[in-house]
Amino acid sequence: MARKVVAISGITGMDGSHLADFLLEQGYEVVGLVRRTSTINFERIAHIQDKIKIVQADLLDEVSLIDVLREFRPQEVYNLAAQSFVPTSFKQPVLTGEVTALGVTRMLDAVRIVDPTIRFYQASSSEMFGKVQEVPQTERTPFYPRSPYGVAKVYGHWLTVNYRESYNLFACSGILFNHEGPRRGLEFVTHKVTHGAAKIALGLAKDLKMGNLEAKRDWGYAPDYVRAQWMMLQQDAPDDYVIATGKEHSVRELCKIAFECVDLDYTRYVIENNPSDLRPAEVDHLLGDASKARKKLGWEPTVTFEQMIQIMVEADLAALKKTYNL
Ligand code: NDP
Ligand code: GDR
């Protein structure tokens, strides 16, 4: 039987690279959509570059998306590409809307035009809950986004629902809570902290400037979360699912645990409320209830918060030692 073909937008990102690893293991032929850049940024997919097909396409350009789907005829499309950093969305709200909101329309239209039987996954976010209207948050919790990024994701979510209902597409929206790992971008808080703690431990930095340490998140492990994305597209019917651990931690706890991994007391190194790391509007706390995913998909997280931080600190220590020949 011919191998199943899958197209992933955002394959150079954290989730895209983990999803590509996972789908290769499942026997898929993986097509990765990358936007043109003057320098290549394939670090996260370097280890699988000869096993996947990389093609140029941009979420800002619909024809490029249509062409890729026409050429490769995937059975599944995962739309993971986005301007995904919340602070940047305040500085570049229009760009964020173009990519993170309208980009979803372009991708869904490409699916609808080329082959409406394609199964489609949209990377929705717990940031849509923003100023939370109930605790914990489920698929039925009303949205109240607190950033241009969150607003853009609400648009993408409802468009996915709308195309499912209007055109009968097999379109799923995964409402994923924060998930992390050593491949996480360095500006996101978990990696900023684990990398900062590792640098201080190795004598490469003296302190770590942070924003609001009281914010709380429901943090999970990225490889567990990409598995959930795939599970959603293997069901008999399309639906939306919250993916979360059901446990909440503060940024302060994150700092404490990460610094303890290198036998340091975070209070001696972390500078809080650094003005440039504070946001115009904050999401104070997020806590997900993934009961539906547990019941219908049989999905469970496998790595605890503490284990994940340990994995990230160790990976940062190893990478820094290599870079600085220590
Ligand atoms: P990353 O920021 O690591 O990756 C984003 C990807 O999108 C990169 O590959 C980037 O390419 C690509 N991209 C950005 N703009 C464009 C464009 N115009 N055209 C094509 N590709 C583009 O994000 P994550 O892997 O962490 O997240 C994946 C998705 O899941 C995102 O949509 C994010 O918003 C969403 N999400 C993430 C969560 C998390 O905790 N990680 C939680 C909930 C949702 P390049 O490498 O060229 O910059
Ligand atoms: P978030 O992730 O905004 O939840 O979006 P991020 O890791 O950036 O922030 C989490 C919380 O930590 C607080 N914080 C800091 N954050 C950063 N980046 N840097 C700091 O110095 C700092 N100090 C405190 C923040 O204020 C915030 O409350 C992520 C992204 O991956 C989105 O794309 C995704 O949709 C959501 O998670 C779910």
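Which of the 25 residues around ligand 1 come nearest? They are T12, D15, R35, S84 and Y149, where a residue counts as near a molecule if one of its heavy atoms lies within 4 Å of it. This is a predicted model, in which local features need pLDDT of at least 70 and side-chain atom pairs count only at pLDDT 80 or more, while totals for chains, interfaces and linings use all residues. Residues are numbered from 1 along each chain as its sequence is written, chains are lettered from A and ligands numbered from 1 in the order in which they are written, and side-chain values use heavy atoms, with hydrogens and water left out.

By class, the shell around ligand 1 holds 11 nonpolar, nine polar and five charged residues. In this scheme Ala, Val, Leu, Ile, Met, Phe, Trp, Tyr, Cys and Pro count as nonpolar, Asp, Glu, Lys and Arg as charged, and the others, Gly among them, as polar. At least two shell residues come from each of α1 (14–25), β5 and α5, and β5 gives the most, with three. Helices (H or I, at least four residues) and strands (E, at least two) are DSSP runs numbered from the N terminus.

An N or O atom in the side chain of R35 is 2.7 Å from an oxygen atom of ligand 1. From the backbone, an N or O atom of L80 lies 2.9 Å from a ligand 1 oxygen, and a polar atom of M14 is 3.1 Å from one. Ligand 1 has 900 Å² of accessible area on its own, and the protein covers 90% of it; such areas come from the Shrake-Rupley method with a 1.4 Å probe, and for residues only the protein chains shown count as cover.

Ligand 2 has 23 residues around it, of which S84, S125, Y149, R279 and E282 come nearest. Its shell divides into nine nonpolar, six polar and eight charged residues. A polar side-chain atom of R279 lies 2.6 Å from an oxygen atom of ligand 2, and an N or O atom in the R184 side chain is 2.9 Å from an oxygen of this ligand. A nitrogen atom of ligand 2 has a backbone N or O atom of E187 at 2.9 Å. Taken alone, ligand 2 exposes 700 Å², and the protein buries 96% of that. Where does ligand 2 lie relative to domain 1 and domain 2? Domain 1 (5–179 + 219–243) and domain 2 (186–217 + 248–283 + 303–323) both give residues to its shell, so ligand 2 lies between them. These bounds come from an automatic or database domain assignment.

Some backbone details remain. Most residues other than glycine have a negative phi, and most peptide bonds are trans. The peptide bond from V135 to P136 is cis, with omega near -5 degrees, and P136 lies in the loop between β5 (119–125) and α5 (148–167). R73 has a positive phi, near 45 degrees, and sits in the loop between α2 (62–72) and β4 (76–79).

Conventions. Polar contact = N/O pair within 3.5 Å; in protein donor to acceptor, adjacent residues only side chain to side chain.
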